[in-house]
Amino acid sequence: MRRVIALAVLILASVPLMYAVAQLPPIGSVQNPTYTHVVPRYLAEGHEEAGAENIVTAVILNYRGFDTDGEVTVIFTALMSVFAVLLMPRLADKKREEGLPAVPVSPVTYFVVRTLAPFIVMFAIANIAYGHAAPGGGFQGGTIIGALLIATSLVMGSERVGRLLPESIRPWLQPAAVLMFSIVGIAGMFLLGEYLSYPVHGPYVFLRTPFLTLIEIGIALGGAAIVASIFWTMEGSEG
Amino acid sequence: MIRVFDVLLYSLLIACALAVIRTKDLLAAAIIFSTYSLIMCLVWQLRGAPDVAMTEAAVGAGVTTVLFLVTVSRTTRRER
Amino acid sequence: MKALWVNIDYVASVILFLIGLYAIMAKDNLVKKLMGLNIIETAVFAFVMASGIVDGGDAPILGAGARPPFANPLPQGLILTGIVVALSHTALALSLIIRIYEQYGTIESDDLWGVE
């Protein structure tokens, strides 16, 4: 019964959606509305104004910096919520089982992960360091390192990998992106008068590249720590 | 010619999405979902968006899939 | 029909959206519902990305050897943010599902009616 209702709703919904799609301007033209307002300026002056040859990096860190600031706050809040949901009740009643069921790891998987890990780290660091001029950036590098931490946890056990991020520095790594945005934002406020403004002209223009680099590093560290902590918490070892 | 390849990729995407919701085994569904994300990442790479493709490969195909797998291993594998 | 064929990227994302919507409405299992939600998200991302496609457009990375047309960088920046937000809510929902299973021993939404 429920499937019939669901299918009926889908058919009803598909008619206006398909009609609307048929009315949209054809894909692929430079005259399309999405390409006409701010995008020409981003492409023409993004390199000079924002200081990044990769215009996507310029958009997420400079032109749309507030969006990214909110977004790192969202993922940090998500980590705190995962802690609240999974950790608090366990502390209360102490009846959690120990981690994942122990499945023996195939030697092939172990070898592949162990062999590839250094190259993946190198790729991620190159991503972060050249994010302004090549595809990649803080998000990409950070999530790649986080995924690598998860993969090594799967084959070597979370206890061993978790020691890479000791308890003493974890509370500083997890909010690294939020902290770095606040530091750079407030520095911009003192130097230029507005939160999260980057110098374009004037005496402080030499600070623009360090600002971008600091935020990239903050996003990368925070992203990696948050992704790995979410996995460790959900898997059962303490976050 | 390029249209044919687009149609092929999109049909693969739709087939993967249908397989995800048809499969009763949640472990298999999670793996198919990872394939779905990987094909989506290929589409975006072909459309001149390497940044988004890289993020989707790491987040969608990697981290999200592992989180689904952890959930399946801590709850139940069979869908009723 | 011709308009639909020209906008095949939009059509594909609409179909994916409907498939995900079906999973949310018709499936009982909470993990399956969440997978449907993730499919909907990817469909919306694909829709926004499709609006930024430029025929023959390169990646929007300036520098030596790059020449226009470039793909639209604005949707790419927005979707990059969106993917990470999607990851965070997926993680939160999955941990809630784990808690529901620890508490009630089921992740079928039908069985969860009337539990105390």
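## A helix pair in chain B

In this predicted model, let's start with helix 2 (residues 26–46) and helix 3 (residues 50–74) of chain B, whose axes come within 8 Å and cross at roughly 175 degrees. Angles over 145 degrees count as roughly antiparallel, and helix 2 of chain B and helix 3 of chain B are therefore roughly antiparallel to each other.

Have a look at the residues where the two meet. Helix 2 of chain B contributes residues including B:Leu27, B:Phe33, B:Met40 and B:Trp44, while helix 3 of chain B contributes, among them, B:Val52, B:Glu56, B:Phe68 and B:Leu69. By residue class, this contact divides into 16 nonpolar, 5 polar and 1 charged.

## Where chain A meets chain C

Turning to the contacts between chains, 46 residues of chain A are in contact with 45 residues of chain C. On the chain A side, the elements giving two or more residues are helix 1 (2–23), helix 2 (39–50), helix 3 (55–63), helix 4 (65–86) and helix 11 (208–235) of chain A. Helix 1 of chain A provides the largest share, with 11 residues. The chain A side comprises 33 nonpolar, 7 polar and 6 charged residues.

## The largest nonpolar core

The largest nonpolar core has 129 residues, and the members that touch the most others are A:Phe231, B:Val20 and C:Leu16. Helix 11 of chain A supplies the largest share of this core, 15 residues.

What does C:Leu16 touch, leaving aside residues up to four places away in sequence? Its partners in chain B are B:Leu13, B:Ile14 and B:Ala17, and those in chain C are C:Ile39, C:Thr42, C:Ala43 and C:Ala46.

Definitions and conventions: Residues are numbered from 1 along each chain as its sequence is written. Chains are lettered from A and ligands numbered from 1 in the order in which they are written. This is a predicted model: local features need pLDDT of at least 70, side-chain atom pairs count only at pLDDT 80 or more; totals for chains, interfaces and linings use all residues. Two residues are in contact if their C-beta atoms, placed from the backbone, lie within 7 Å. Helices (H or I, at least four residues) and strands (E, at least two) are DSSP runs, numbered from the N terminus. Ala, Val, Leu, Ile, Met, Phe, Trp, Tyr, Cys and Pro count as nonpolar, Asp, Glu, Lys and Arg as charged, and the others, Gly among them, as polar. A nonpolar core is a set of buried Ala, Val, Leu, Ile, Met, Phe, Trp, Tyr and Cys residues joined through C-beta atoms within 7 Å. A residue is buried if 20 or more other C-beta atoms lie within 10 Å of its own, exposed if 12 or fewer, and partly exposed in between; C-beta atoms are placed from the backbone. Axes are lines fitted to C-alpha atoms, for helices over the stretch in contact, and angles run from 0 to 180 degrees between N-to-C directions. Angles under 35 degrees count as roughly parallel, over 145 as roughly antiparallel, 65 to 115 as roughly perpendicular and the rest as oblique.
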